[in-house]
Amino acid sequence: MSALPANVASRTDAVARILDAAAGLFAESSYDAVSMNAIAERAGVSKANIFHHFSSKESLYLAVVRAACHDVGERLGELGTEHGPFAQRFSSYAASMLNDMLEHDQIQRLILRELLVDGERRGQEFAEKVFGENFARFVAILRQGQLKGHLRADLDPAMIATVLIGSNVFFFEARDVLKHFRDVNFANDPARYSTMLVDILMHGIARTPGSPAAPTAGN
């Protein structure tokens, strides 16, 4: 494979440094508290160079958020394939979603903080410009799973998606508290948490005929 032309490589490197600097500063402070001058200084570029690649601070901010979510589309593609059982693909997708949140914790906290501070505006913005398309794809895949008999047909697929995302967000936000609860033994084990969550989503919590009963006292 041939190397990128020098001018393209330089442009790509500059964009990467700008995104990295902006991500760090936005996460450390807040959107309003970060200036373009500060981003330029941290990235080692001129402010004019930033505006050459991004039309505004707002467009840069949205690019930072999108960059943190760049793997989602690929993983949705894997979930939507016919390679392997649906339950296995769903479990892998759920685990990767949680891992992405934990690996990009600064950006995740930034997004949640912005939603808390300016929820109505940011919520619409994130839905239309960042998350909406992938959420719609996720719902469509779940709906297809219903049509093929992998999932209950009487459930709203958007609700299934919301429960999974919401449960992962809660774990992300609360794990430092959960680890101090006597009865919680999964706060430091995201993989185990994800496995148990998917088991509940796929099988529910109501006991069915043939499922094991709870041990009686003294057993």
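Predicted model: local features only at pLDDT ≥ 70, side-chain atom pairs only at ≥ 80, totals over all residues.

Reader: Fine. What secondary structure does the chain have?

Author: The chain comes to 10 helices and 0 strands. Going along the sequence, the pattern reads α-α-α-α-α-α-α-α-α-α. As for extent, the C-alpha atoms fill a box of roughly 70 × 40 × 35 Å along the principal axes.

Reader: Now the pockets. What is the general idea, and what is the volume of the largest pocket?

Author: The idea is to roll a probe the size of a water molecule over the atoms, which shows where empty space is left. Here, the largest pocket holds about 720 Å³ of space. Its lining is made up of 28 residues, and C69, M101, Q108, F131 and I165 are the ones nearest the centre.

Reader: Which elements give two or more residues to that lining?

Author: They are helix 5 (72-79), helix 6 (86-103), helix 7 (105-117), helix 8 (119-147) and helix 9 (157-178). Helix 8 gives the most, with 9 residues. Sorted by class, the lining of the largest pocket has 18 nonpolar, 8 polar and 2 charged residues.

Reader: And what about the second largest pocket? How many residues line it?

Author: The volume of the second largest pocket is about 330 Å³. There are 13 lining residues, and R152, L155, I200, L201 and M202 sit closest to the centre. Two or more residues come from each of helix 9 and helix 10 (190-203), and helix 10 has the largest share with 4 residues. By class, this second lining splits into 9 nonpolar, 2 polar and 2 charged.

Reader: Okay, helix packing next. How do I describe two helices that meet?

Author: For two packed helices, you give the angle between their axes and the distance between the axes. Take helix 4 (residues 57-68) and helix 8: their axes come within 11 Å and cross at roughly 60 degrees.

Reader: Is that crossing left-handed or right-handed?

Author: Helix 4 passes helix 8 in a right-handed crossing. On the helix 4 side, the contact uses E58, Y61, L62, V65 and R66. Helix 8 brings R121, R122, E125, F126, K129, V130 and F131. The residues of this contact divide into 6 nonpolar, no polar and 6 charged.

How values were computed:
Residues numbered from 1 in each chain as written. Heavy atoms only, no water. 1 Å grid on protein atoms, 1.4 Å probe; cavity = no way out; pocket = protein on both sides within 12 Å on 5 of 7 lines; lining within 4 Å. Points joined across faces, edges and corners; volume = space filled by probe spheres on them. Nonpolar A, V, L, I, M, F, W, Y, C, P; charged D, E, K, R; others polar. Axes fitted to C-alpha atoms, helices over the stretch in contact; angles between N-to-C directions. Left-handed = near helix turned anticlockwise from the far one by under 90°. Contact = heavy atoms within 4.5 Å.
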